[in-house]
Amino acid sequence: MVDVLRDYGHSSDNDRVSFIEPRGLVNTGNMCYMNSLGRRAAHSFNSETPLVDTMIMFMHEFRVIDSAESVEKLRLRLRKDELEQYGEAFIPECVYEVVRRLPRFSSMRRGHQQDAEEFLGFLLEEMHDECNRAVRSTSSKMALGGSAPASGVVSTTSESGNPASAADSGWLEVGPKQKAAITRSSGTITTESPITKIFGGKLRSELRVPGMKHSVTLEPYQTLQLDIGASHVNNIVEALKGLTRSETLHGEFHSPRGAGVAATKQVTIETLPQVLVLHLKRFQYDNAGGTQKIWKKIGYPLDLEIPKEVFPQHRRGGILAHGGLPKYRLIGVVYHHGKNASGGHYTVDVRRQDDQEWIRLDDTVIRRVRSEDVAAGGSEEDPKLLAAALQQHKDASHNHYDRFACEGEDQTRVGNGWSQVNGTSSGEATANHRKWSGVVNGASTPRSSSGQRTPTGRLPVRDNKVAYLLFYERIKL
């Protein structure tokens, strides 16, 4: 496994694109936050990498329907009936057991509502740490045996075991107009892993105090936290620009120009990951009512071009000159259903490996959806409909566990299919949401198909689901 960890990212002639058979997960009690982000495995806890072992074996639970050398060849090979070929749902008991035993997840008790973004963060951090432990353990054994460790491990740790001095004292950086800045790293990742290579980026926080050299801090991230509460923020491009908007700070900065000077602070994106995870901050604390949910829908495109405003000014020219602004393709959306942070339900839309088909997963329920319906899920909605939905939540006298439309689709809705998703007709969706669904990556699915369909249940209860986590994959130039 260590060789795989070291060599991750190196292309191989044997790489193939596999079309995976989806399987639902049985929710045994408030586990949808985990079901929306993972699947099953078995493990032996007598391992220094229990979670990695678990996730590898978990993936073996999913059968490969077909594979090919490229996405284009895969599309040609797939039959229509294979597009709705789903496996049996199961309980991911072994994943739950690993999570229960690991100290990092101690705050997440089974049967209690948890936050999907927090769980994702713990999952990535734990897998990163386990990958590093495996590499360090093997390197130590090789050193004792007199062999040099294999190449491919990037580290900023000195021989004494302490972080490199550059991360402590900083280094001098010359920016626009030959202005100097002291640059430091915060939370330095000493060893790269497949997790950081896929999900890891860096933020650049720059503090400007009149009369002093600018102070720059580079900080790693795996999820970008986007504030969406401001009235002018209606889509993720505006939210990304808001992330990098400068703010004025007042205080004592020991400036040679004396007391009372105002400083400015600005956060920009230094590097972007292969998979960009955007967290729409839906919950905010209100002194009067506690934690409140931000209900408004935030638009997100199927294909995202990162705006130049989010990058440091001195890097924008180089980015435009070398291939243009980074472009990403939407590959997954996690939705939150419910009225507050302490309750509710999570579902997820996932783009499949052929790069065209989308499926919607609600624990054991799986069905195909159109790509424009995925994009329409983030569109602005009629304020009257939203007000009515909020009143419905307020007046509800019994708890449905906040399981709504995705849990049970009546046969009429399934029969009418694609024109009814998200409560709009196909024409309305196209007209109202053209800006955010301009690139349709999948053809409409026929109303009937010969593939296996997960059984549907009771009649749906209307709710206003909102996007909570967005997953974008970088498009290779």
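This is a predicted model: local features need pLDDT of at least 70, side-chain atom pairs count only at pLDDT 80 or more; totals for chains, interfaces and linings use all residues.
Residues are numbered from 1 along each chain as its sequence is written, and side-chain values use heavy atoms, with hydrogens and water left out.

Of its 477 residues, 46% are buried; buried means under 20% relative accessible area, exposed means over 50%, and partly exposed lies in between, with a 1.4 Å probe and protein chains only. If we take contacts, meaning heavy atoms within 4.5 Å, between residues at least 6 apart in sequence, 73% of them join residues at least 24 apart.

Now to the hairpin. Strand β16, residues 358–362, pairs with β17 in the antiparallel sense over five bridges, and two strands are said to pair if DSSP finds at least two bridges between them. Asp362 stands opposite Val365 in β17, and two residues separate the strands of this hairpin. One of the turn residues is Asp363, which has a positive phi of about 55° although the residue is not a glycine. Is Asp363 buried or exposed? Asp363 counts as buried, because its relative accessibility is 7%.

Strand β17 itself, residues 365–369, has five of its five residues buried. In a regular strand the side chains alternate between the two faces of the sheet. Here both faces are covered, with Val365, Arg367 and Val369 buried on one side and Ile366 and Arg368 buried on the other. A positive phi in a non-glycine residue is also found at Asp355, with a value of about 70°, and Asp355 is placed in the loop between β15 and β16.

Next, a helix pair. Two packed helices are described by the angle between their axes and the distance between the axes. Helix α3, residues 50–59, packs against helix α5, residues 93–101, at an angle of about 170° with the axes 10 Å apart; the axes are lines fitted to C-alpha atoms over the stretch in contact, and angles run from 0 to 180 degrees between N-to-C directions. The two helices are therefore roughly antiparallel, since angles over 145 degrees count as such, while those under 35 are roughly parallel, 65 to 115 roughly perpendicular and the rest oblique. Pro50, Leu51, Thr54 and Phe58 in α3 meet Cys94, Val95 and Val98 in α5.

Cys94 is partly exposed, with a relative accessible area of 23%, whereas Cys131 counts as buried at 6%. How many disulfides does the structure hold? There are zero, a disulfide being a pair of cysteine sulfur atoms within 2.5 Å.

I will finish with two loop residues. Gln222, in the loop between β6 and β7, is buried at 17% relative accessible area, and touches Leu124, Glu125, Ile195, Thr196, Phe199 and Val277, not counting residues up to four places away in sequence. Lys339, in the loop between β14 and β15, is partly exposed at 41%. Lys339 and Lys293 are 46 residues apart in sequence, and 6.5 Å apart from C-alpha to C-alpha.

Definitions and conventions. Helices (H or I, at least four residues) and strands (E, at least two) are DSSP runs, numbered from the N terminus.
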